[in-house]
Amino acid sequence: MSKPYTGGCACGAIRYEISAEPIMMNDCQCRQCQHDSGTGHQSHLTFNGAPVKVEGEATHWNMVGDGGTVKARAFCPTCGSPVYITFPDMPDLFIVSAASLDDPGRYKPQMVFWAAGGHAWDHLDPALPRFDRMPPR
C-alpha cells in the first residue's frame, strides 16, 4: 500500500483520508456528473471496503441514477466543492472526486463511463476503454 489518499473541499472544511488503493479510476460523462463538475465529465476514484476517515460536515444531495441506484453526493456547504459520493444500498463503496485530492497527479484514469453522454468538445484520452453507459459487472 502506498501512502493514504487525502483530500477535501476547496476551503478545507471537509477533509478525508483513505488508507487503501482504489479499485478503479474513471472518467464519467453522464449528465449528472456534468452538472456536478460544471464541465463535460467528472473524474472519480472508487474505493471498496477501505478504511475512510472524514472530518467536517458535508451536505448530501440524494439522487437516483439512470439504473435506479441511489447516490448520496456530498459537497461542502461553505464552498460548494463536490467531495465524495456514497451509496446507501452499497455502504462499502466510497468514491472521491479526483479534483478533491491533495495530489491530483495520483489520479490515473482507466476507463470512461457514459461515453454516450459525452460532448465533442470534451476531449478525453482516446486510448481509454469506453462504455456507452456503465460497464458490465
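Q: Before we start, what kind of model is it, and how are residues numbered?
A: This is a predicted model, where local features need pLDDT of at least 70, side-chain atom pairs count only at pLDDT 80 or more, and totals for chains, interfaces and linings use all residues. Residues are numbered from 1 along each chain as its sequence is written, and side-chain values use heavy atoms, with hydrogens and water left out.

Q: OK, what order do the strands take in the sheet of seven?
A: The order is E6-E7-E8-E9-E4-E3-E10, in an open sheet with mixed pairing. Strands here are DSSP runs (E, at least two residues), helices are H or I runs of at least four, and both are numbered from the N terminus. Two strands pair if DSSP finds at least two bridges between them.

Q: Which strands stand at the edges of that one?
A: Strand E6 (59-64) and strand E10 (111-113), each with a single partner strand, so one side of each has no neighbour in the sheet.

Q: And how much are neighbouring strands turned against each other there?
A: By 30° on average, direction ignored. The axes are lines fitted to C-alpha atoms (for helices, over the stretch in contact), and angles run from 0 to 180 degrees between N-to-C directions.

Q: Walk me in from E6. How many bridges does it have with E7?
A: Six, in the antiparallel sense, with E7 covering residues 70-75. Methionine 63 stands opposite lysine 71 in E7, and histidine 60 stands opposite alanine 74.

Q: How does E8 pair with E9?
A: Strand E8 (residues 82-86) pairs with E9 in the antiparallel sense over three bridges. A hairpin joins them through six residues. Threonine 86 turns up again here, opposite phenylalanine 94 in E9.

Q: Is E9 enclosed or open to the outside, and why?
A: Largely enclosed by the rest of the structure, because five of the five residues of strand E9 (residues 93-97) are buried. Buried means under 20% relative accessible area, exposed is over 50%, and partly exposed is in between (1.4 Å probe, protein chains only).

Q: Which way do the E9 residues point?
A: Leu93, Ile95 and Ser97 point one way, Phe94 and Val96 the other. In a regular strand, side chains alternate between the two faces of the sheet.

Q: What about E4 and E9?
A: Five bridges join E4 to E9, and the two run antiparallel. Phenylalanine 47 stands opposite phenylalanine 94 in E9.

Q: Next, where does asparagine 26 lie?
A: In strand E3 (residues 24-28). Asparagine 26 counts as buried because its relative accessibility is 3%.

Q: What does asparagine 26 touch?
A: Gln42, Ser43, His44, Thr46, Tyr107, Met111 and Phe113, not counting residues up to four places away in sequence. Contact means heavy atoms within 4.5 Å.

Q: Switching over, what is the order in the sheet of three strands?
A: E1-E2-E5, an open sheet with antiparallel pairing. Strand E1 (5-8) and strand E5 (52-55) stand at the edges. Four bridges join E1 to strand E2 (residues 15-18), and threonine 6 has glutamate 17 in E2 as its bridge partner.

Q: Where is cysteine 9, and is it buried or exposed?
A: Cysteine 9 sits in the loop between E1 and E2, and counts as buried at 8% relative accessibility. Leaving aside neighbours within four places in sequence, cysteine 9 is in contact with Ile14, Cys76, Cys79, Ser81 and Val83.

Q: How far is cysteine 9 from alanine 99?
A: They are 90 residues apart in sequence and 9.0 Å apart in space, C-alpha to C-alpha.

Q: Last one: what phi does tryptophan 114 have?
A: A positive phi of about 55°, although tryptophan 114 is not a glycine. Tryptophan 114 is in the segment after E10 and is buried, with a relative accessible area of 13%.
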